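This report concerns a predicted model.

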Amino acid sequence: MLRKMQVKSATFVKSSQAISQCPEGNLPEYAFIGRSNVGKSSLINMLTGRRKLARTSATPGKTRLINHFLINDAWYLADLPGYGYAKVSKKERELLSGMIRDYTLTRQNLICLFVLIDSRIPPQKIDLDFIDSLGKNRVPFVIVLTKTDKISQKIKNRNLELLQEHLSATWEELPLIIESSTVKGIGKEDILSLIENTNQTSGFLTDSDEKRSGN
Ligand code: GTP
Ligand code: MG
């Protein structure tokens, strides 16, 4: 049975420029990644119920560092910079993608990566390539389709089918795909129960942690 998760506390821990600066990896961690402006920071705010916890912006390229948030004193959320933002210099783009690569491949306590994809557009090469690289490196992930409030059901479903078609070319079993809208509050429960259930089975939490988080 799926357990429900309540976010009782959510605090900003720190911003890091490199994995060596990230908080000690002693708690389970979930990170949000995807193209610039896809809605990563907004999603973190929706999940935690704190409108201004992660900084959001209408202009892409807002998040440039790895931002850690501690939830219920028991697990971390990490907000990552977006990939594929054209308006930064080549040097900075390489720096950012190196940082993302480093983080996703070597962060020991990263339990699951949430890969955000804009539900309004057909699958983009940059997203498919990124997902491919996760598969090759065996990084666990789920896909979140964002901004579903901004399009019709029909277009959303068409884009979803195209994405599934692309993925089935390489994946025997399709990755989990969750729909979300931070405007309508869609996806919050699904994502939080997934995290809660994964926390229970990840072997990270001790009995006293469980008592403290009220389960
Ligand atoms: P970077 O940090 O620049 O990579 O962007 P990000 O992926 O963190 O995106 P952010 O959360 O800053 O959101 C970008 C813009 O999309 C903001 O103007 C948000 O208000 C808007 N937005 C995010 N999610 C949704 C959604 O579900 N629905 C709608 N309508 N707008 C959204
Ligand atoms: Mg952001």
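A search of the whole predicted structure finds one cavity of 30 Å³ or more. The volume of the largest cavity is about 50 Å³. Its lining consists of Ile117, Asp118, Ser119, Ile121, Pro122, Pro123, Leu145, Asn159, Leu160 and Leu163. By residue class, the lining comprises seven nonpolar residues, two polar residues and one charged residue. Both β5 (110-118) and α4 (153-168) supply at least two residues of this lining. The largest contribution comes from α4, which gives three residues.

The second topic is helix α2, which covers residues 90-106.

Which residues of α2 are buried? They are Leu96, Met99, Ile100, Tyr103 and Thr104. These residues lie on the same side of α2 because they cover an arc of only 120 degrees around the axis. The other side of the helix carries exposed residues, namely Lys90, Lys91, Leu95 and Arg101.

| Element | Residue range |
|---|---|
| β1 | residues 10-16 |
| β2 | residues 29-34 |
| β3 | residues 66-71 |
| β4 | residues 75-79 |
| α3 | residues 125-136 |

Strand β5 also belongs to this cover, and β5 supplies at least two residues of the cavity lining as well.

Definitions and conventions:
Residues are numbered from 1 along each chain as its sequence is written. Chains are lettered from A and ligands numbered from 1 in the order in which they are written. This is a predicted model: local features need pLDDT of at least 70, side-chain atom pairs count only at pLDDT 80 or more; totals for chains, interfaces and linings use all residues. Side-chain values use heavy atoms; hydrogens and water are left out. On a 1 Å grid over the protein atoms alone, a cavity is a set of points where a 1.4 Å probe fits but cannot get out, and a pocket is an open set with protein on both sides within 12 Å along at least five of seven lines; lining residues have an atom within 4 Å of a point. Grid points are joined across faces, edges and corners, and a volume is the space filled by probe spheres set on the points. Helices (H or I, at least four residues) and strands (E, at least two) are DSSP runs, numbered from the N terminus. Ala, Val, Leu, Ile, Met, Phe, Trp, Tyr, Cys and Pro count as nonpolar, Asp, Glu, Lys and Arg as charged, and the others, Gly among them, as polar. The expected span of a helix is 1.5 Å times one less than its number of residues. Buried means under 20% relative accessible area, exposed over 50%, partly exposed in between (1.4 Å probe, protein chains only). The arc is that of the directions from the helix axis to the C-beta atoms. Contact means heavy atoms within 4.5 Å.
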